[in-house]
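Visitor: I'm new to reading structures, so please take me through this one slowly.

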Amino acid sequence: MDNILFHGACTALITPFDQSGVDFQAFDRLLDRQLQAGIQAVVVCGTTGEASAMSDVEKLALMSHAVRYVRGRCRVLGGTGSNSTAHAAELSAAAAQTGVDALLVVTPYYNKCTQQGLVAHYEQIKKAAGIPVIAYNVPSRTGVDIAPQTCKALCEVGIAGIKEANPDASRVSQICGLCPEGFTVWCGNDDRIVPFMAAGAQGVISVLSNPCPALLRQITDACLLGDYALAAKRQAEAMPLISALFAEVNPIPVKAVMELLGQQAGQCRLPLTGASPQTVARLKDALHGLNLC
């Protein structure tokens, strides 16, 4: 048995809000859909969960709730990233006490630190948390890119792996070649699942699996079994929906698509707004193509 946190499908869950805050009952129904589909892990309070618009109190409450509700039926990852190392370390230490299995920590944004600064940032967070930490590399949002060579240094300070959202699939091969076997790569882009997993990624942390957890499982399961032809076929079927899910900034479209599926998602918190009529039309067409509406 290896020590990888999870293989295959992980859902970056949306957070349903109502006028009083987090709608925990709606959140439980979203979790039920994921558990019924056999999703291996969920991320709570990530980018898709609008963590940047949540208070630390809300984040910790939602992580605690998710751990209690899931009861070990899948891994629970908590998002604790910040561009302040001290804040990220403090929040990560508190999140570890909620019982989450690991932390997903985005690179510090806006500050534009050096590669050396990235290693020092993650090292302090890992020391404070005491549980597995996954680095999240998404340069399109943060303005910072974790170089493949830096992943080796991150492994040396105890970081468990990386959610790689740089769209270049060759990065996966580079990281896997530079790092020991215990450092895991997960795909961070739904439109790159098959090439990333063919290059060595062990799964995906996905937006698509909010509306389509079973389809996401089919893609990742096929990859893990080496059936890349089937995985590519399923990925191709999903591409119209994947494209529509990123027609506007995430999570605007995914919240809209969940509402179309009859799932209570709530509005995005400002500064994010609702999906445009054009995006909703694209989402409807994509769902129709998958026989989901």
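Visitor: Okay, which residue in β7 is the bridge partner of L104?
Guide: The bridge partner of L104 in β7 is I134. Keep in mind that this is a predicted model, where local features need pLDDT of at least 70, side-chain atom pairs count only at pLDDT 80 or more, and totals for chains, interfaces and linings use all residues. Residues are numbered from 1 along each chain as its sequence is written, and side-chain values use heavy atoms, with hydrogens and water left out.

Visitor: And how many bridges join β6 to β7?
Guide: Four bridges join strand β6, residues 102–106, to β7, and the two strands run parallel; strands are DSSP runs of E with at least two residues, and helices are runs of H or I with at least four.

Visitor: What sits with those two strands in the β-α-β unit?
Guide: Helix α4, residues 115–129, makes the unit together with β6 and β7, and the unit is right-handed (clockwise from first strand over helix to second, with the strands pointing away from the viewer).

Visitor: Which residue in β8 is the partner of I134, then?
Guide: In β8, I134 has G161 as its bridge partner. Strand β8 covers residues 161–164, and β7 pairs with β8 in the parallel sense over four bridges (pairing needs at least two DSSP bridges).

Visitor: New topic: is β7 mostly covered or exposed?
Guide: Strand β7, residues 133–137, is mostly covered, since five of its five residues are buried, meaning under 20% relative accessible area with a 1.4 Å probe, protein chains only.

Visitor: Which residues are on each side?
Guide: V133, A135 and N137 lie on one side of β7, while I134 and Y136 lie on the other, and both faces are covered.

Conventions: Buried < 20%, exposed > 50% of the residue type's maximum accessible area, 1.4 Å probe, protein only.
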